[in-house]
Amino acid sequence: MKQINRRDFVKASAMTTLAVAAGASFISSNSSAALRVASRGKRDIRVGIIGCGGRGTGAGGNALEASPDARIVAYGDLFPERIASAQKGLASFGERSKVDPAQCFTGFDAYQGVISVPCDYVILATPPGFRPTHFSAAIAAGRNAFVEKPVAVDPTGIRTMLAAASEVDAKNLRVVAGTQRRHEWCYLEAMQRIRDGAIGRVVAARVFWNMGSLWNVKPDPSRSDVENQVRNWLYHTWLSGDHIVEQHVHNIDIANWAMGIGAGGTESSGRRLAASHPNRCIAVGGRQARVDTREFGHVFDHFAVDFEYAAAEADTTPRFALSMARQQDGTSGRVEEIIYGTTGLARLSSGSAEITGERPWVFKGPNNNPYVQEHIDLQKAIIDGTPLNETAQVAQSTMSAIMGRMAAYSGSEITWDDAVADPMNLMPPSLQFGPFPQASVAIPGQTSQPH
Ligand SMILES: NC(=O)c1ccc[n+]([C@@H]2O[C@H](COP(=O)([O-])OP(=O)(O)OC[C@H]3O[C@@H](n4cnc5c(N)ncnc54)[C@H](O)[C@@H]3O)[C@@H](O)[C@H]2O)c1
């Protein structure tokens, strides 16, 4: 992993500002603020990691790449071997990734240990079922956060997240979410052009995450139900939310972002904070390829959702987004978002963006590494004291995906208001290794309480 120097840090901050804000006076004042921070540079940026798997380790590296002044001060994971592997994975950062064993915490309460260590922000990267508890504890303790997506798996978790989102502002904290497309320059420039009318009024979207299968961990009879499920978390809805939530949330987030622009948006303290959500949806889904419940739990392997959004300003007809997510080997892969307007369309995916229609445009770069940019933006907001709170935005996108899953599992059309208010809480009553029979596969029309 390449370490960026202070000059790169300043450049990257300024580029994002350019793409997001587009306004000469704002850019120059913001760039010089970054320069001031960088040149004085006396301040360590201390980071704690909760969930030291693939992404926790990756995000830790991104935090260290974002600034030469960043260092890891605490690790927490359910399993000690994950902390060891994270430290190994980050060893190229030398002293900046080494942590005293007294500040490494294991078990279900590891998050409390990490939060107790003084730090500038925590990275939350466990399976998402735990996120609402970890996030609300971090915010209650006054910690800024980098919160991986998705941020919940059920409406109860979403309500916890939304309550904590208000506390973020009240406590003057900063939060960046792991929906990295919101920090990628090609997306930011495309959205700015859409905002400026490049495709006319936004009327529809099609968003896809179609791919083959992912990793799985076979159950070990010497382990408890809970341990086996946590180690194989992608395949249990109480932990992952199912792949429509765990993975496809990225693409649904882009539909929400674009529809928010079309609706006039609710953008307040920064354009990337635009938030919108569908008002209702109907969905189909099921499992055909991954049918072994021992290996693949009870999640589906395909979903298709028809999301309905409110009419755009000055329009009367509702708008729609088609969402499709599939994890089946041997099928066509497609990961992208297409936004339709009255005079053109925008085609977006990681690393590329183009607009066709009356005002054609192709993103020619330079593009950034959005995973590092997330940390540059968070660190800069913390140091400069500028507002940055992506909690509500990512909670809305997560809830949109949960609503799609609820509609597919149950076979019923669902409104946003009903879905958000649903009492569903998928977490076990007490968190410990022990018996916890896995849920059965949902059957539309028969599954009244989606699980
Ligand atoms: N933004 C992205 O592009 C992106 C990419 C990959 C993963 N993710 C997200 O990051 C999160 C983690 O995914 P991953 O791929 O790193 O999974 P992973 O299985 O590699 O890592 C998860 C880690 O969390 C630990 N853990 C589980 N329960 C815990 C608990 N209660 N307390 C503390 N630690 C616990 C596990 O032991 C494991 O080390 C997920 O929400 C996933 O959706 C985001």
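Which residue is the bridge partner of Phe-307 in β10? I looked this up before anything else, keeping in mind that the model is predicted. In β10, Phe-307 has Ala-321 as its bridge partner.

**Entry on β8, β9 and β10**

I then followed β9 to both of its partners. Strand β9 (residues 302-309) and strand β10 (residues 319-327) run antiparallel, and eight bridges join them. Strand β8 (residues 280-286) also pairs with β9 in the antiparallel sense, over seven bridges. I looked for a facing pair here and found Gly-285 opposite Phe-303 in β9.

**Entry on the open sheet**

I went on to a sheet with parallel pairing. The sheet is open and has six strands. I wrote down their order as β3-β2-β1-β4-β5-β6. Which strands are at the edges? They are β3 (104-106) and β6 (175-177), and each of them pairs on one side only. I also looked up how neighbouring strands of this sheet are turned against each other: the average is 20 degrees, with direction ignored.

Within the order, I picked out β1 and β4. Strand β1 covers residues 45-50 and strand β4 covers residues 121-124. The two run parallel and are joined by four bridges. Gly-48 stands opposite Val-122 in β4.

**Entry on α6 and α7**

Last, I looked at a pair of helices. How do the axes of α6 (residues 131-140) and α7 (residues 155-170) lie to one another? They come within 9 Å and cross at roughly 20 degrees. Because angles under 35 degrees count as roughly parallel, I recorded α6 as roughly parallel to α7. The crossing of α6 and α7 is left-handed.

I listed the residues that make the contact. From α6 they are Arg-131, Pro-132, Phe-135, Ser-136 and Ile-139. From α7 they are Gly-157, Thr-160, Met-161, Ala-164, Glu-167 and Val-168. By class, the contact of α6 with α7 has six nonpolar, three polar and two charged residues.

Conventions: Residues numbered from 1 in each chain as written. Predicted model: local features only at pLDDT ≥ 70, side-chain atom pairs only at ≥ 80, totals over all residues. Pairing = 2+ DSSP bridges. Axes fitted to C-alpha atoms, helices over the stretch in contact; angles between N-to-C directions. Parallel < 35°, antiparallel > 145°, perpendicular 65-115°, else oblique. Left-handed = near helix turned anticlockwise from the far one by under 90°. Contact = placed C-beta atoms within 7 Å. Nonpolar A, V, L, I, M, F, W, Y, C, P; charged D, E, K, R; others polar.
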